[in-house]
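Thank you all for making the time this morning.

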Amino acid sequence: METLDAALQDLSSPEPARRLAASRTLERAARRVSIAARQEALGTPAATAALATALGDEDPKVVQNAVIALAEISRPHRRGASGLPPPS
């Protein structure tokens, strides 16, 4: 959790390399952890706000990573491991 907290803070760093590294850390965490862990670590208003702010970054890679992280955070709990809704 410390690493994710640091990454969230680094998203607003004046240093482009730190913002990029932070966005990569958050994007990877959002894709690799379980849904419950993802929601606990990144599903907070502060995390969502930091990632939303990163959508306006000048580096398109930071923006891409923020988009992926936000998409993963907002993925519904009821979806299967594939991320697709269950068949009806």
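What is the hand of the crossing where helix 2 passes helix 5, left-handed or right-handed? Helix 2 passes helix 5 in a left-handed crossing, and I will come back to that pair in a moment, once the overall picture is in place. Please keep in mind throughout that this is a predicted model.

Let me begin with the chain as a whole. The protein chain has five helices and zero strands, so that reading along the sequence gives the pattern α-α-α-α-α. Of its 88 residues, 35% are buried, and the accessible surface comes to about 5,500 Å², with 56% of that surface belonging to carbon and sulfur atoms. If we take the contacts between residues at least 6 apart in sequence, 50% of them join residues at least 24 apart.

Now to the pair I opened with. Helix 2, which covers residues 16-32, and helix 5, which covers residues 60-74, pack with their axes 8 Å apart and at an angle of about 25°. Helix 2 and helix 5 are therefore roughly parallel to each other, the cut-off for that description being an angle under 35 degrees. On the helix 2 side, the residues that meet helix 5 include Arg-19, Leu-20, Ser-23 and Arg-24, while the residues of helix 5 that take part include Lys-61, Val-62, Asn-65 and Ile-68. Sorted by class, this contact has six nonpolar, two polar and six charged residues.

Lys-61 lies in helix 5 and, leaving aside residues up to four places away in sequence, touches Leu-20 and Ser-23. The C-alpha atoms of Lys-61 and Leu-20 are separated by 7.0 Å, although the two residues are 41 residues apart along the chain. Val-62, also found in helix 5, has 0% relative accessibility and therefore counts as buried, since buried means under 20%. With the same exclusion of residues up to four places away in sequence, Val-62 touches Arg-19, Leu-20, Ser-23, Ala-54 and Asp-57. Val-62 and Leu-11 are 51 residues apart in sequence, and their C-alpha atoms are 8.6 Å apart in space.

How do helix 4 and helix 5 pack, in angle and in distance between axes? Helix 4, residues 45-54, packs with helix 5 at an angle of about 145°, with the axes 8 Å apart, and this crossing is left-handed. The contact is made by Thr-48, Leu-51, Ala-52 and Ala-54 of helix 4, together with a set from helix 5 that includes Val-62, Val-63, Ala-66 and Leu-70.

Finally, a word on the start of the chain. Ala-6 is found in helix 1, residues 2-10, and at 35% relative accessibility Ala-6 counts as partly exposed. Ala-6 and Ala-22 are 16 residues apart in sequence, with their C-alpha atoms 7.9 Å apart in space.

Methods
Residues numbered from 1 in each chain as written. Predicted model: local features only at pLDDT ≥ 70, side-chain atom pairs only at ≥ 80, totals over all residues. Heavy atoms only, no water. Helix = DSSP H or I, 4+ residues; strand = E, 2+ residues; numbered from the N terminus. Buried < 20%, exposed > 50% of the residue type's maximum accessible area, 1.4 Å probe, protein only. Contact = heavy atoms within 4.5 Å. Areas by Shrake-Rupley, 256 points an atom, 1.4 Å probe, with all protein chains shown as cover. Axes fitted to C-alpha atoms, helices over the stretch in contact; angles between N-to-C directions. Parallel < 35°, antiparallel > 145°, perpendicular 65-115°, else oblique. Left-handed = near helix turned anticlockwise from the far one by under 90°. Nonpolar A, V, L, I, M, F, W, Y, C, P; charged D, E, K, R; others polar.
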